[in-house]
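Thanks for coming. I will take a few minutes to walk through one structure, so please have a look at it first.

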Amino acid sequence: MSTDSTTKTPEAAAVPPPGAASHTKRVVRGHQRLLTRRDRITLALMAGVPTVLHVALVWVTALASIALAFTTWDGIGFDSIKWVGLENFKQLFSDNPQFWPAVEHNVIWFVVLILIPTPLGLLLAVQLDKRIRFSRVYQTAFFLPVVISMACIGFVWQLVYNPDTGLINSLIGANKSGHYIDWIGDPKLNLWAVLVAASWRHTGYMMILYLAGLKSVDPSLREASALDGANEWQTFKHVIFPTLRPTNTVVLVVTIIEALRAFDLVFVFNKGAQGTELLSILVTNNIIGESSRIGYGSAIAVVLLLISLAVIIPYLVATFRKERRS
Amino acid sequence: MHHSPSRLSVPGPNRRSLLRGVGGATLLAGAGIPLLSACGGSGAASDPKTVSLGSNASDAVPKKAFEEVYAAFKKQSGITVDVNTKDHNTFQEQINSYLQGTPDDVFNWFAGFRMQFFAAKKLATPIDDVWQKIGDNFPEAMKKLSKGEDGKYYFVPLTTYPWAVFYRKSVFQQHGYQVPTTWDQLVALCKQMKKDGLVPIAFGDKDQWPAMGTFDQINFRLNGYDFHVQLMAGKASWTDAKVKAVFDHWTEILPYHQDGALGRTWQDAAQSVVAKKAGMYLLGSFVAQQFTNKADLDDLDFFPFPEINSAYGQDTVEAPTDGFMVSKAPKNHDGVVKLLEYLGSPEAEQTYLKTDPSVVAASSKADTSSYSPLQKKAFDMISGAKSLTQFMDRDSRPDFTSTVMQPSLQKFVQNPKGVDSLLSSIERQKKTIFASA
């Protein structure tokens, strides 16, 4: 048994829980004990169950939806799946009046999130990092929207924007005929209205990320720049912000993900009606329902997948290259 | 063989107990799956005294009303109805997989195209034997609604309600308005109401379906019932001059509709009628739900949408009808037949309406003495109709209406000038959707 477990040792050491690495090296006997039959079953389960789940829920479904994108299927019986080649994509690009607006709105969503709430979150984080009084209270207040579910945020803002009885129109008297402002229905306004709600939440998220980044900045750096006579803005610009580089990468990735998966807020707000079409909502509208257009919806999902890959692959390549260098 | 790990190797026990927890959670999640599928056919496989029924009546009032009906059926026949109720919208969205899985013997559904779709897919059982008994209870229009494309019966209607133009009697009295019976009178009335400071026609299309109701009314008044059926079935073209004429008429009265309709729910629009700010409202009779005050409700009245084309007059009524269908392989066929024969009887409808007075009976034999004046009027209007339509999203393919018509009609309401390009876009999308079946 002991030989058996020693041969297993390197393998087991390759996947220890993060904190236990040094520990296992020190206490070799304890390590042998860990590899009883029960442990091997445990390991198999630990690696096997997530693998099975991952393959079944991520890979099989993703590949199935890619395959379905080239078919038409109403979801009733497997024999009604018909191969149509690129037909779905042709229709999508040329005939669907909602597709290009949806792509455009996803892009606008990303640009707005990166231009407004992200710098705002950074600003708040810098202010809160100065150990001002009641810092914790402010932190909690700004972070609270992130804790609330998107669906609730959509519901709350939809009440605020309600054209007849909502807060805004009641305050500015825009709920009478003639000066009516339709925040939810007017396609020129509703995307911006919903983006205010999204930014309101995103600011808190960005603030927490930057706050964590700022806490890890070495205080001696500030000290050094103060000794060199740099003022606050110069310190921030030339010393603090460059050290936030890893945080900025995370922020960028998180924001891209938020922009691509934007769904719940809009769905609750006005179900993705004219002016707020999003790719995710088009997928849902086409697939969920009674006589669903599963092939067509899958084609939209594939477009969304390709966009995600176009963003994620360069990021992963850059990360791996960096790792190899170091 | 297994030594209990020393207290020193801390990760050991912790990790194990954690793992046990994870295993437990997986097991729980695993157990969840059969639980979900159990929503379908429940155990009682060959019990001749039980019929299972999938219900979408999740709202309190209809749910209670159905309970009364099934209790009365049990008293009469000794057969228990085992009801599985699901949320109304969820039921509708899951209907595909529900009917393909292990559905209940009988399920709640809608008349018309949506019923015929599943009948054609062989997911329902024909019930001509039931109709031999209950046929006399229903008017001709209801019979037409209950048949599949193959001419066999697949559906037993229970309740229905009309779409019409609702108004408050006191508002019409106060201003001396007359109920319009022709298109010109309607337009004139709209103008007068605007002059009097009222919103002529209340309108809220945030939920995307109310605009379909307006389209339907103008369409079958102008082009007749047959054209409605052909258009909805994807046979007539949306670029036809007849469809263009519908939108032209709509454009004429659109300025008299309530501002900002796309952001308003039907409930809010109804409230403007309750508050006497709006003069008229084209909606289903469920608008009465918003009239919570008894005096307001008594003040509510309606008239059928005015005549546009004298060839068709006011012969068509939009009356969405709810009822029952039988799944593809019912476990207790005899019980199912008995249940449906009962549900098709006037007694069952009266029992239902006692608890839910917002609808009327589909049968022409049901007792109307307990009806409110509004119900009586609705009943007369429906039983006097030459043809009954079900509503755009019940008369056509749901994928077409939800992914093409809902956004298109919103676009029209937003910008009535772009009709031509809108119609050719609808026609292009329609062709591909209807070709895929």
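In chain A, 33% of the 326 residues are buried. Bear in mind that this is a predicted model. Chain A contains 17 helices and 2 strands. Counting its contacts with a separation of 6 or more, 65% come from residues 24 or more positions apart.

Now to chain B, and how it is divided. There are two domains: domain 1 covers 7-161 + 322-383, and domain 2 covers 163-317 + 397-435. Their centres, taken over C-alpha atoms, are 31 Å apart. Where they meet, 8 residues of domain 1 of chain B are in contact with 10 residues of domain 2 of chain B. On the domain 1 side, the elements giving two or more residues are α5 (113-120) and α16 (373-383) of chain B. The most comes from α16(B), with 4 residues. By type, the residues on that side of domain 1 of chain B are 6 nonpolar, 1 polar and 1 charged.

Next, the cores. The largest nonpolar core has 121 residues, and those touching the most other members are Met115(B), Phe166(B), Ala202(B), Tyr281(B), Met325(B) and Leu339(B). Helix α10 of chain B, residues 210-232, gives this core its largest share, 7 residues. Where does this core lie relative to domain 1 and domain 2 of chain B? Both domains give residues to the core, so it lies between them.

Take Met325(B) as one example. Beyond its neighbours within four places in sequence, Met325(B) is in contact with Phe107(B), Trp109(B), Met115(B), Ala124(B), Tyr154(B) and Phe155(B).

How values were computed. Residues are numbered from 1 along each chain as its sequence is written. Chains are lettered from A and ligands numbered from 1 in the order in which they are written. This is a predicted model: local features need pLDDT of at least 70, side-chain atom pairs count only at pLDDT 80 or more; totals for chains, interfaces and linings use all residues. Domain bounds come from an automatic or database domain assignment. Two residues are in contact if their C-beta atoms, placed from the backbone, lie within 7 Å. Ala, Val, Leu, Ile, Met, Phe, Trp, Tyr, Cys and Pro count as nonpolar, Asp, Glu, Lys and Arg as charged, and the others, Gly among them, as polar. A residue is buried if 20 or more other C-beta atoms lie within 10 Å of its own, exposed if 12 or fewer, and partly exposed in between; C-beta atoms are placed from the backbone. A nonpolar core is a set of buried Ala, Val, Leu, Ile, Met, Phe, Trp, Tyr and Cys residues joined through C-beta atoms within 7 Å.
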